[in-house]
Amino acid sequence: MSLDESARARIAPHVSSLTDDIFALSGLPEEVIAVLFAYYSRSKDDLRTNLARLLADQELDVSPGSVAKPAFGLATEKARAFHEKWVVGYGHASVAEHAVVHLAIENVSIVASKAIEDLRLGSYTEKSTRYVVFDRKSFVDLPELQGAIGDRYRASCEQLFTTYLDLVPRTMDALRARTPRREGTTEAAYTAAIRAQACDLLRGLLPASTRTNLGLTANARALEGLISKMLSNPLAEIRRIAEGMLAAALTVTPTLVKYAAKNEHRAGLSAAVADKMRTIYTAPPWDPAATNVIHQPVRLVRFDKNALERIALALAYEGSDPPLHAHGLADGLRHATPGELESVVRAALEARGPYDAPPRAFEASTMTFELMLDYGAYRDLQRHRMLLPATQRLTCRLGFDAPIELSDLGLGEPYLEAMFAARDVWEAIEGEHPLEAQYAAPLGYRIRTLWTLNLRELFHVIELRSAKQGHQSYRRIAQNLYRVALTVHPWLKGLVRVDLNDYPLARA
């Protein structure tokens, strides 16, 4: 539909083009944008026409040189009414995916950040333990821990930070003596590299209560689900953060997230499963020797014996010409030799560039691994959300990782003393407050998580996390994922680009 000059002038500040079929929107409330996209399914008019109609319902100063921010009162009210009817009333929740919220979330614990980052359809940037040196009070206090146990918790966190801050300059000095500045490297770049190496070596001392900041971008539908999930969490800090996130999001999308609330089903889910499991399975007595398998950080739980055939079928089906039906194609592949199936898969990856992902056909097969890794490494790997994770709570039962490089530098003893002292405090809290005890555990202590992922994501995790610039602890996980996968899928050798070299942090 053609627009008159007045309408074109009204919409010009908010569209990147008045004529192109492809254009961007800007300067509009998120709920208004969501309505405009929703109109695509319910209106014969194009978006610019609908936008002009919305803007015509109010007085806006769009004259040249105007700096006043438009008052979108009526358009926003119409958007709210639309969402109340279609999103809430009729359940067309997909409309809410067109409204995007950006939240700055600061001074929350690393424990809480993991609950926030559990949202699969979100984008995050978080404070790094590699580039930031934390101060002595950089931990979240827990009002739930009262009296003597609360005092021990705070004293333990402060002592961990005291040891950390004492070791940072000493580790930097030792690294300087061991790795002189290379010719052509500026002093600033050299110092930054040395500091990053020291922080990497010492991050295991930081308690899980360490304060962190993160930016979150998510659509309103996904955000509402995340907030409801967090409001149903047993940890008080996570519920408090959810309330703050909801209040902030309501200023951007007042209709699309306002029904976020505690979900009783989700809140009782873990207890219901635990109660039922007690009737069918009796756990053996705790045996550290049986569970603390340090030399097996990655263990295979389940795999698909027909993985090669499944992937070849997906590749061949999509590329068949003339198109073939699945049953006939599957029957033909079933009679192919493993070598012939492998040749199909290798042909699909032959021209893969350094930044190309494998074809989506590799999603046709999955594997399940149990990982045991230090919580600092888990913090990094948890950001891989294109998989099914099942993670146990953090404890000090599985022991901790102590960087060999610290011992080589003559600084291992204070690290070990601090870790053992923190474990004693964790044990004292664990008896009455098992969930809150997680905050007292340093990042160097191990946690277990169960990963089910398709082979396409397996490629991604191994190739990204085994790269030279990565932290040693998660590089070790990526390398072992590759080695274990090869035991059942030897045809992956040469297809996955893995770096199996060892790069000590002190010499990286």
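Which residue in β3 is the bridge partner of Ser 123? Select Thr 217, which is that partner. Before going further, note that this is a predicted model, in which local features need pLDDT of at least 70 and side-chain atom pairs count only at pLDDT 80 or more, while totals for chains, interfaces and linings use all residues. Residues are numbered from 1 along each chain as its sequence is written, and side-chain values use heavy atoms, with hydrogens and water left out.

**Stop 1**

Select residues 211–219, strand β3, which pairs with β2 in the antiparallel sense over 5 bridges. Strands here are DSSP runs of E, at least two residues long, and helices are runs of H or I, at least four residues long, numbered from the N terminus. Two strands pair if DSSP finds at least two bridges between them. Now show the whole open sheet: 3 strands in the order β1-β3-β2, with antiparallel pairing. At its edges are β1 (100–109) and β2 (122–126), each pairing on one side only. On average, neighbouring strands are turned by 20° against each other, direction ignored. Such angles are taken between axes, lines fitted to C-alpha atoms (for helices over the stretch in contact), and run from 0 to 180 degrees between N-to-C directions.

Next select residues 220–231, helix α8, which packs on this sheet and touches β1 and β3; its direction makes about 135° with that of β3. Contact means heavy atoms within 4.5 Å.

**Stop 2: aromatic rings**

Rings of Phe, Tyr and Trp (its six-membered ring) pair if their centres lie within 6.5 Å; planes under 30 degrees apart count as stacked, over 60 as edge-to-face and the rest as tilted. The count by this rule is 7 aromatic pairs. Select Phe 139 and Tyr 153: their ring centres are 6.2 Å apart and their planes at 85°, so this pair is edge-to-face. Phe 139 lies in the loop between β2 and α6 (147–178) and Tyr 153 in helix α6, so the pair ties together parts 14 residues apart in sequence. Both Phe 139 and Tyr 153 are buried, meaning under 20% relative accessible area, with exposed over 50% and partly exposed in between (1.4 Å probe, protein chains only).

**Stop 3**

Select β4 (298–303) and β6, the edge strands, each of which pairs on one side only. They belong to an open sheet of 4 strands in the order β4-β5-β7-β6, with antiparallel pairing. Inside it, strand β5 (residues 366–374) and strand β7 (residues 446–454) pair over 9 bridges. Pick Phe 369 to find its bridge partner in β7, Trp 451. Helix α19 (residues 455–465) lies across β5 and β7, at about 130° to β7. Helix α20 (residues 472–488) also packs on the sheet, touching β4, β5 and β7.

**Stop 4: a loop residue**

Finish at Gln 382, in the loop between α16 (375–381) and β6. Is Gln 382 buried or exposed? At 10% relative accessibility, Gln 382 counts as buried. Not counting residues up to four places away in sequence, Gln 382 touches Lys 114, Glu 117 and Asp 118.
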